[in-house]
Amino acid sequence: MGTILIVDDDLQLRQSFEKLLSQEDHTVRTAPSGEAGLAIVRSQELDLVIMDVRLPGMSGLDTFRAIREFEPRLPVIIMTAFGTTETAIEATKMGAFDYVLKPFNIPEILVLIKQAIEAGRFMR
């Protein structure tokens, strides 16, 4: 299927995503911060990044900007529990594949992940 990076400071969320996506035959990498996530983006070939807006150190949107500079065609799904219209608009303008609010519906997020991976492969 695909190689997906989960960037979130919540260990339980990272582990849940890893278990769920591994069951769907994806390879999953995780990172607890934007800096760690960016290092993975720079060192491995990925099909998708799913990233929280609120991260320790480098914010999710700053990390997204850095990912865009390095790998402009890599799809990124931005997620947050503290959604604002301004953040959603900014993420969308920056080219996020989608912006989702936590908690999310598992079947819906799986469909979104499949769409993002397919779109990323098409763009490359």
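I took two strands as paired if DSSP finds at least two bridges between them. Helices (H or I, at least four residues) and strands (E, at least two) are DSSP runs, which I number from the N terminus. The model is predicted: I required pLDDT of at least 70 for local features and 80 or more for side-chain atom pairs, while totals for chains, interfaces and linings use all residues. Residues are numbered from 1 along each chain as its sequence is written, and side-chain values use heavy atoms, with hydrogens and water left out.

**Entry 1, the sheet.** I looked up the pairing of strand E1 (residues 3-7) with strand E2 (residues 27-31) and found five bridges in the parallel sense. Val-7 has Ala-31 in E2 as its bridge partner. I then listed the whole sheet: it is open, has five strands in the order E2-E1-E3-E4-E5, and its pairing is parallel. E2 and strand E5 (98-101) are the edge strands, each pairing on one side only. On average, neighbouring strands are turned by 20 degrees against each other, direction ignored.

H1 lies across E1, E2, strand E3 (48-52) and strand E4 (76-80), and runs at about 170 degrees to E2. My axes are lines fitted to C-alpha atoms, for helices over the stretch in contact, and angles run from 0 to 180 degrees between N-to-C directions. In the loop between H1 and E2 I found Asp-25, which has a positive phi of about 70 degrees although it is not a glycine.

The axes of helix H1 (residues 11-23) and helix H5 (residues 106-123) come within 12 Å and cross at roughly 65 degrees. I therefore logged H1 and H5 as roughly perpendicular to each other; the classes are roughly parallel under 35 degrees, roughly antiparallel over 145, roughly perpendicular from 65 to 115, and oblique for the rest. The crossing of H1 and H5 is right-handed, that is, the near helix is turned clockwise from the far one by less than a right angle (anticlockwise is left-handed). With contact meaning heavy atoms within 4.5 Å, Phe-17, Leu-20 and Leu-21 of H1 meet Ile-106, Ile-109, Leu-110 and Ile-113 of H5. The contact of H1 with H5 has seven nonpolar, no polar and no charged residues. For these classes, Ala, Val, Leu, Ile, Met, Phe, Trp, Tyr, Cys and Pro count as nonpolar, Asp, Glu, Lys and Arg as charged, and the others, Gly among them, as polar.

I looked up Pro-103 in the loop between E5 and H5. Lys-102 and Pro-103 are joined by a cis peptide bond, with omega about -10 degrees.

Helix H2 (residues 34-43) packs on H3 at an angle of about 15 degrees, with the axes 10 Å apart, and the crossing is right-handed. In H2, Gly-34, Leu-38, Val-41 and Arg-42 meet Thr-63, Ala-66, Ile-67 and Phe-70 in H3. I sorted the residues of that contact into five nonpolar, two polar and one charged. Helix H3 (residues 60-70) and helix H4 (residues 85-93) pack at about 5 degrees, their axes 11 Å apart. H3 and H4 are therefore roughly parallel to each other. Leu-61, Phe-64 and Arg-65 of H3 make the contact with Thr-87, Glu-90 and Ala-91 of H4.
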